[in-house]
Structure formats: C-alpha cells, structure tokens
Amino acid sequence: MAPPTGPRGGGHGNRPTVRGARGAGVGKRRATPRTDRDGDVSMDSITSAKIPTGPSAQSTRGGRGSRGGRPSRTSSRFAQNVRNYVSEQDGASRNPKSQFNKVFIKIHGLKDSKAASNSDGGLRSLLEFLERKSSHERPITFGKGFIRGDHVWLKVNQADTHHLLKLNGFTFAGAPLGIQEAAGPIPEQGSTDDPETKTTDTKDKLLAVLASRYNVEQKLLDLSALGADQTLRSMGAFENKALAEKSFKALMRLTATRYDSAAEKEAAIQAVTLANNDILDVGEVFTMAQTLPRLRRLDLSGNQLQDFHKLSKWRHEFRLLEELHLVGNPLTNLSNYPTQVIEWFPSLQILDGHRVRAAEEAAEALKAWFPVPFPRLPSNLRDGENNVASTFVANFFTLYDHDRLALVRQFYDAESIFSLNTGTEPATSPYHNFSRNLETIGVRSSSAIQRLLSGANVIGELWAQLPATRHVSLEQAGEWQIDCHTFPGLADPSGQGIATGLVITVHSRLEEVDPTKQLVGTRAFSRSFILGPSLPGAPHPYRVISDDLSLRAFVPQQTGAPAQAAPAAAVPVAPSAASPPVPPVPSDLERAQMVLELSKLTGMNAHYSELCLAGLANWDFNLALRSFEEKKAELPPEAFVAPPA
Amino acid sequence: MSTNSHETNVRCSSEAAKSFVDWYYRAVNDGKPVAPGYVNGHAAYDRAAHPPADICVNGLVVATPQEFDKLLEQQRQAPKQPDPSKKRVRYEAEAYDVHVINADYRLGAPQKMLDLHSPTDGVRMMMALSVTGTVYFGTGRNKDDDYWEKQSFHDRFILVPNWDALERPAARGGRRYLVVSHNYRAN
C-alpha cells in the first residue's frame, strides 16, 4: 500500500481528520481512527480480555477491518503526542551522526500557497514540486521536510543544494518560494505549534504521575495498577495495549531525564513495583531494564506471566536485583520455579519473601557475570632499612603546602626535572598552560619541550604560580597509597658507574583554591618521584631526579558543607622571595572598591568593570586596566556609562 | 641542565612513550600478552644479570610478567555473561607524560651501542613514564560503550633500551624499550 498521504487518509470513513493542524509532519501519517464511544478502557480489561493486540490493531493499514477497541479521539491524539515525544528523543540522539555532509535549507512561502489547506499543510506537494523541478540532470529526492512556523526545513545532500537553490523565487501553488541555506539544526517545534503544546502538556502530566508515585523514604517508584490511575485514565494513556506500552516507554524516558547522572538515578530509585498490571510478557515493559539497570527490589506480583519464556527477556538484566516478588503469576506453579529464577538473577537473595541466597553467595554469583577489578591493597613500601621514602614523603608534602621554595632548595638541583599533567581542564584552570599531557598536546609539539621544567630555579618559579594546596594528613593512612622500590641503572653523579635509584608513586587527595573563582575544592592526584644520589655538598644524600604530578578533575566543595572550615585564607600560600607572590585574595569590600575605581578610570559601567576584574585579571587591578586598554575598541557601547573620552 | 633534558632526548622519549602507550593498552584491551614488553628473558639483560622487572599491582607484588598476564586474563573472565558487549575490560589512556631519568644508560649495553650512541642521541635512555586514564569493566570494544563499573587508573613504568632490538634495527617486531618497573593503582 502506498504511504497514505493527507487527503486520502482523511477521506476514509467520512470523518473529519484529526491531523488537520499544521506542523504535525513528524509522525507517521495515519487515517482517522474510528471513535469508540466506550472510551476509557483500562489496561487491565484490555489485556485480560486478550484482544488481538500489537501495533497492527491500531494501524490503519493492517487493522482497518479488525475488531477490538478502537482508540478514542483523545487517545489517538495522546498516541501522537507520545510518539512525537519519543521520536524527538530518538532524533536528538541520532542527529550528530547524520549531519555530516548535509546542508540545512529553509523554505518560505508554503503557508501562503493554496496547498497550505492540505491535511499535511501542503508539505508533501511542496516536496514533490521541488523534486520534480530540480531533477533535471538526475533524479533528486529530499526525504523528510519539517514545518517550523512559517518555514519548511529540509536536510539535503551537499551535492543537491545548488539544484534546490536555483528554485528560489519559483511560484508554487500561487505563492513565491524563498529558498535559502540556513545554519542547522532544525529548530525545535515552537510552543505556538498546537500539537507540540500538547506534547509538553502530556509530558507535564506524566511527570506529575511519576512524582505522585514516588516514595522518597523507600526510594520506591510505585507503578502498580497503572490502568486504574485516574490521571492516566483521563489522558487515555492506557486505553489499549499498544498505547499502554508506548506510555510506559514515555514514563521510563521521563524517569531517566529527571536525574543528571546514572549514579544519581541509581541512588534515588532502588525499588519499583509493577504489581497488578496484567503483564503477559516482561517484553511489554522491557525498557525498564535499560532505564533502571541497577534496580535492587522489584515487585511483579499479580501479573499474568504464564511461564519462564514470558520472563526470559529480563534474564540478562537487573544484575543487582536482590529482592523479587512474583506471587500471583501462573509461572510460580511450575516445577522449576524458584531454581530457574535464582539462576537467572545472580544477586537475588529474597524471592517472594523467602531468603534464597546469602549475601556472600550473591556476590560470588555476580562475579561470573562481569570482569572484576583487581583487589586493592594498602601501601607497598620497599625502601630498605633507612625508610628513605617514608621520610621523604612526609617532608615533601608538608613543605609543598607551606614552603615550596625551601622544598625546592632542599631536594632539587640543576638536573631535576618536573612536569605536571591534567586530563581535560577548562582554559581558565591555573594548570591549563602547564599541563604536559602528551596525549593532548602531541609528542612533537613545542609545548612538549617547553612544559618540561628542568632545574630547581625554574621549578620553584612555576610552583609559586600554582594554586596553594593542602594535602590530606599523612596520619590518615587510609587516604594514601604509597608504593616504592629500589632499582638499578641510574647514572652515578660522579660520572662513573651505575647508581641505585628509588621510585616512589604516591596517590592521595589535596585541597586547593581555584584562584579565578576563589572556590575551594579537592583533587585526586598521583605524584611519582625518582630519587637518586646527590652531588657532593647537597643538603641531603639523595635528590629528586624526576617529579611527575598527575592531577584529576577539580571537584568544588559544596557551599555550606562542614568541610567549608577551610576557606581561601586558611589554605597556606607558598611564599617565595625569588618569584612573584600569589596575589592576596581581596575581600568583598575591596572588590567593590576596585570595581568603582576601574569604572571611574575607564568609563565602563559597574557590570563591565566587574567582568573585567573577575575575568583573566583575577582581581589584579593593573592587569584589568591593561586588558581594558587592549580590548577597548571591541567593547559594545552599552559597556560604558558615557562614551569614553 | 643535564643531558636528561636535552632537546633530542625529550623529543625521542616523548615518541617512545607514545609508541609504548599505544602498544601496551592495545595489547591489554585485545587480551594479548604484554610479558614480551618486560625486561625478563631478554638476552642482553640476562647476560648482565639484571633483576626481574618489579611489578606491583594495587599494592600486590607480582613475580613475573607472565603472572601479570595471567591476572589480566583472570580479570577478563565473565563466563556467564552471554553479551560480548558486556564482557570486556577496556583501558583508556587519557593522559601520559615521560621524563628521561638517565640519558647515559649503560646497564647490559653492548660496547657497540655505547660507541655508537652518545647520551644526546635519544637512544640510550632510561625513562619514567606515567599514564592516567579510566578502566571500564563489563563493557564492549568501543569507546563510549556502556559499562558495568569504572575506575580511574594510574600506571607508572620505568623503561630501558631493548639492546637486542636496537642492535638489529632490521629485525622487526621487537619493542625498542622494555619495562623494568611497573606500578599500577586504580580506584
């Protein structure tokens, strides 16, 4: 059967079309469903009545003559909304891949044409017209079009673009067409678009349903007896099976969007009840396994699962499920009932209220399903009788927090090498310009050479520019992993022979102040040292040959948290006579004065003055003034109180 | 300024680090043995009675690289998992950095190599390499595949020249640098 186009579908059954509204071109085109005045059939009655179901029961193509509940007008609109919502989501995830080599085209004029009164807003006729007119050299097709406000948007192959642009100014059904290239992506449907308002409306209603069914204390999402839910009934969301499945899918999607991260979702929803939904096969609610893969407790009691086959779609899901209820399902009468279920869910400990496995057994059973990380052992210090590493580490981190210059003088010499590296840091990060991450800067870049610092003086200068830190106390042994051992093969400082070295790797956390935002936060770090014998006359018998610092992402501390006891000023700043001191942190009052002063000198208003100071200048008044002089010409007129002199 | 920070050495060590990181994590992710990349069993170092490579995994000292390969193999086991996209362990190196710690490395070196390469040639280097990244458990082959669990890891290697391979540059397949020390931590 040819794809039903607007008018043809509308003509069937002598009923007015429900798809007359413009902008509904996203979903599949469907003919008017016959309205069943019986209306609100619950999910229960439908499923238990075993009406031939599946998507075809609703489809115009397959099910025109079939018996069974026809969706009411409300429900068909609801179905469209759910579909719109689901396809929007799918579209969003597919977009990045499909945009390669595609050009966005914006066409104006369809609304003024005679075709606008077609049931699809004239979109199909327009596309046919454009395809016909541009297919001179070879047949060209444009795929799907989207009506957004007064424009039709197309995504076309680069090669076809100029054929299409040639049609600019052509007359289509009595109206001139304006065709132009546009920057993608195709805009979201605006709120003025009628069907979209309904989608949002549907979304809000579904969200309200979710909220009312969530129990914070128990971390339980109660999705039992959905067919009897007043709100869902009034929406017609569970009128028939196909629609119920779609609605459930939409509920799951919405559940997922409520949380920022998988971890947050996992923590918030640990239990779900799907009791009394007349589920025949868990395939109907399969999406839940994708939305909540780490569910701990699940209630499926009072459903219609006949045998294990009906449960088998979940046999590889819910690996952390500890508690399951299946009472009231026919499958509980089967001879291999508990064994099979226990086998399928490795973490299962309680089935229908009975303990079926001990926690240790469950942990063991889970190991067969996923690779397991290496066990973690405490520090492994093999630094000989003199405990060189322990002494060095204790000295090092205390001095690094309090007196970096003294540290550099004690343990570093002209041959010492230092570099630091971070993962992906924002450009505002104080480490950004120093990070010698060869993965990102490239092994042949000049930065690979420049960011390797050699010699105590250079290293000391850099350290003075780095944020002040406070390492976790070494007394908290659990917070530190320090591994070390000796190795042969270093050069002896005398120039002759081979010396023994000590390699130390330290992992822990440090507190730090982000100087641009004056924000206290923590970082995990790994710092590796190579120690070797010193040159004669040095303060210690050993020196740092190599010092390599790897920093993890900065995690800001929650404001108002008790850990806030370490404000900016309490974190010691490394003093250094030889290098520029870290600028002191101005108080709010001082800042306000600086803003005023800058505003007076530059003529900028308070807002821009503050932006200028808080930005790159980092509350260094002279720096801010300099950057103003540089950027003066680029500033918009509204940046100034009065035009600059 | 020592030869350790000589420009040629810095450049060559960076390139050697890249080559090592590429090789090592590809081998681990593909389930191939990494033992040949350690100093153990290489003729030049055996002759010089070099001690076996020091391997320490999350605080556990592992006697030989073969034993380490066995641990990696055990870690990859998930016998009941039917889905190949949930069975793997995948290491992704996100940052690495390398220092030359002895540009005049001599241990086990054949006289020929000492004569041929000065300490500023970027060949006779002992290097300290650190790599940080993320290790995904219960995942597929590809980046961005879903995973069951993840950890941040830090690998620290000390690398020395593979004299056997450097002497015969025509003989392909030999790693140019070998591991004498390997420290792994993940959490």
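A residue is taken as buried if 20 or more other C-beta atoms lie within 10 Å of its own. By this criterion, in the predicted model described here, buried residues account for 49% of the 187 residues of chain B. Chain B comprises 5 helices and 6 strands, which follow one another from the N terminus in the order α-α-β-β-α-β-α-β-β-α-β. Where contacts in chain B link residues at least 6 apart in sequence, 67% of them join residues at least 24 apart.

The contact between the two chains draws on 51 residues from chain A and 60 residues from chain B. On the side of chain A that touches chain B, at least two residues each are supplied by β15 (417–422), α16 (438–441), α17 (446–450), β18 (481–491), β19 (498–514), β20 (519–533) and β21 (542–551) of chain A, with β18(A) giving the most, namely 8 residues. In composition, this side of chain A divides into 25 nonpolar, 19 polar and 7 charged residues.

The largest nonpolar core contains 89 residues, of which I504(A), A17(B), M127(B), L129(B), L159(B) and V160(B) touch the most other members. Helix α1 (residues 7–30) of chain B contributes the largest share of this core, with 9 residues. When residues up to four places away in sequence are left aside, I504(A) touches A389(A), V393(A), I482(A), C484(A), S528(A), F529(A) and L531(A). Another core, of 36 residues, lies apart from the largest one and includes A244(A), A250(A), L326(A) and L351(A).

Note on methods:
Residues are numbered from 1 along each chain as its sequence is written. Chains are lettered from A and ligands numbered from 1 in the order in which they are written. This is a predicted model: local features need pLDDT of at least 70, side-chain atom pairs count only at pLDDT 80 or more; totals for chains, interfaces and linings use all residues. Helices (H or I, at least four residues) and strands (E, at least two) are DSSP runs, numbered from the N terminus. A residue is buried if 20 or more other C-beta atoms lie within 10 Å of its own, exposed if 12 or fewer, and partly exposed in between; C-beta atoms are placed from the backbone. Two residues are in contact if their C-beta atoms, placed from the backbone, lie within 7 Å. Ala, Val, Leu, Ile, Met, Phe, Trp, Tyr, Cys and Pro count as nonpolar, Asp, Glu, Lys and Arg as charged, and the others, Gly among them, as polar. A nonpolar core is a set of buried Ala, Val, Leu, Ile, Met, Phe, Trp, Tyr and Cys residues joined through C-beta atoms within 7 Å.
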